[in-house]
Amino acid sequence: MESAGDGVAPHHGLGSALVSVWEAVVEHGRPVRFEAGDTLVTHGAEGRHCFAIDRGVVLVTATSQQGATVVIARRGPGDVIGDLGALSGLPRTATASAATAVEARRLTADEFEDLLLSDPALAVAELRRVAGQLREMTERYSMRGEELRTRVLALLRTHAEATGEPVLSLIHI
């Protein structure tokens, strides 16, 4: 598998931390494929594995207090998903489903933990990656009371900063 296929750059918001964890899972994981609509991880299930996404788009969803399904993240090439459940052993906090055909590499929870224990620099990279995701979620949560226009502009700015893609290219009327 090639890294960050389909012309989508990996998420480099935290420098090489994201890429090194993804590359390690790709190097050591087993290839898996999901069709659009397939579920990679299910809310409430035990976290027994994690995935490095090589191609395709995965939507991470949760259920709101009102019972609505809410997209909380969009992940693609260069991203790792399922690592929190794999490391904690706690039930999954969200569902991740393939929005398109997805090619990924899968590691079991034990393999992922062994990989991090064998390489302290990789373990630090994973901490930085998770810290970045926590920061992203905190920023999104803090925007809940803002007007829709303000929230959309903030999300566009964040995307542009993370990808280097100009905001205007994201707007299609």
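Select Arg30 and Glu111 to begin the tour: the two form a salt bridge, with their closest N and O atoms 3.1 Å apart, a salt bridge being a side-chain nitrogen of Lys or Arg within 4 Å of a carboxyl oxygen of Asp or Glu. This pair links distant parts of the chain, since Arg30 belongs to strand β1 (residues 30-34) and Glu111 to helix α3 (residues 109-118), 81 residues apart. Arg30 counts as partly exposed at 34% relative accessibility, and Glu111 is partly exposed as well, with a relative accessible area of 30%; here buried means under 20% relative accessible area, exposed means over 50%, and partly exposed lies in between, computed with a 1.4 Å probe on protein chains only.

Before moving on, note that this is a predicted model, in which local features need pLDDT of at least 70 and side-chain atom pairs count only at pLDDT 80 or more, while totals for chains, interfaces and linings use all residues. Residues are numbered from 1 along each chain as its sequence is written, and side-chain values use heavy atoms, with hydrogens and water left out.

Next, select Glu103 and Arg33, whose side chains meet in a salt bridge at 3.4 Å, N to O. This pair also links distant parts of the chain, with Glu103 in strand β8 (residues 102-108) and Arg33 in strand β1, 70 residues apart. Glu103 is partly exposed at a relative accessible area of 24%, and Arg33 is partly exposed at 49%.

Now go to α4 (120-142), which has 23 residues and reaches 33 Å from its first C-alpha to its last, close to the 33 Å expected at 1.5 Å a residue, where the expected span is 1.5 Å times one less than the number of residues. At the start of α4, look for the side-chain oxygen of Asp119 that reaches to within 3.1 Å of the backbone nitrogen of Ala121. Then pick out Leu122, Ala125, Glu126, Arg129 and Gln133, which are buried in α4.

Which residue forms a salt bridge with Glu126? The partner is Arg129, and the closest N and O atoms are 3.0 Å apart. Glu126 and Arg129 are separated by about one helical turn because they are 3 residues apart in helix α4. Glu126 is buried, with a relative accessible area of 3%, and Arg129 is buried, with 2%. Elsewhere, salt bridges that share partners join Arg33, Glu35, Arg55 and Glu103 into one network, and a search of the whole structure finds 7 salt bridges.

Turn next to the second largest pocket and select Val60, Ile72, Leu84, Thr93 and Ala94, which lie nearest its centre among the 28 residues that line it. On a 1 Å grid over the protein atoms alone, where a 1.4 Å probe fits, a pocket is an open set of points with protein on both sides within 12 Å along at least five of seven lines, and lining residues have an atom within 4 Å of a point. About 670 Å³ of space lies in this pocket. Elements that each supply at least two residues of the lining include β4 (58-63), β5 (69-75) and α2 (83-88). By class, the lining has 15 nonpolar, 10 polar and 3 charged residues.

Finally, show the whole chain, which has 5 helices and 8 strands, helices being DSSP runs (H or I) of at least four residues and strands runs (E) of at least two, numbered from the N terminus. Buried residues make up 35% of its 173 residues.

Notes
Grid points are joined across faces, edges and corners, and a volume is the space filled by probe spheres set on the points. Ala, Val, Leu, Ile, Met, Phe, Trp, Tyr, Cys and Pro count as nonpolar, Asp, Glu, Lys and Arg as charged, and the others, Gly among them, as polar. A polar contact is a pair of N or O atoms within 3.5 Å; within protein, one must be able to donate a hydrogen and the other to accept it, and residues adjacent in sequence count only if both atoms are side-chain atoms.
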